[in-house]
Amino acid sequence: MVTQDQISYDFYQHVKENAAKRKHKADYFKPFWETKKGHWKLIYPDIDDIEGANCMLTVQCLDCGEILMRDAHHWLVDGNRFGCSNCFAHRGVAKKVKALEAQGFEVLSTEKFKGKFRIYTMKCPNCGLIFEQWGTNLGRWIKGGAKCPACLNNDKLPHDAVRIRKACIEAGMTYLELGEKTNYSSNRISCIATGFNYNEETAKYIADIAEQMVKIRHSAIGGKQSNG
């Protein structure tokens, strides 16, 4: 008498054999290399060893050098016109950099990230402020005219807040460095410099020290040039 276990085993073997018959062999995938967008090198496995839709491929983009891992089912199929994701991302970066430079900004860095968003660090050609923009706000900011936050607010900010901003730019000094000299946190100095929770006495104290630090740094640079 045939048991239930035997029936289940026979059914499993039947399904397994049919799946093996339907599994795509290497020759099935070879033509798709001709239609794949971009220029690629197959690192692993060998093209003759690709077997099955779930076979993981290690490939290298010959345009940018990026090495990626993709499954054959999604990556190497008929009509797939998707190219290298890394090249696509860099084309987008180059487009944004070009748009920023057209507004007069000097783009200093695009290598940092905030979560999944690339950070664009730039320098204002008018006041020299170095600041950052990122995320979905970047596109809207560029379309809106790409205004430097310091230049935009200088006419509205208190005099000593502007002095703090200008001194930090001239000395290449961060709010953290200024905070160490004034015994205030970088966050507090940032608030003062943007006119938030503003206190006139505190702002004047910080601005005076900031301008002193500018003079000290300029003197130090002048001394080095004289000795050189």
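Trainee: What should I know before reading the model?

Mentor: The model is predicted: local features need pLDDT of at least 70, side-chain atom pairs count only at pLDDT 80 or more, and totals for chains, interfaces and linings use all residues. Residues are numbered from 1 along each chain as its sequence is written, and side-chain values use heavy atoms, with hydrogens and water left out.

Trainee: What counts as a pocket, and what lines a pocket?

Mentor: Take a 1 Å grid over the protein atoms alone; a pocket is an open set of points where a 1.4 Å probe fits, with protein on both sides within 12 Å along at least five of seven lines. Lining residues have an atom within 4 Å of a point. Here, 16 residues line the largest pocket. Nearest its centre lie Leu 129, Ile 130, Cys 168, Ile 169 and Tyr 175.

Trainee: How much space lies in the largest pocket?

Mentor: A volume is the space filled by probe spheres set on the points, which are joined across faces, edges and corners. For the largest pocket that is about 380 Å³.

Trainee: Which helix gives the most to the lining of the largest pocket?

Mentor: Helices (H or I, at least four residues) and strands (E, at least two) are DSSP runs, numbered from the N terminus. H8 gives the most, three residues. In the second largest pocket, H5 has the largest share, with five.

Trainee: Which residues line the second largest pocket?

Mentor: Among them are Phe 88, Lys 96, Arg 118 and Leu 138.
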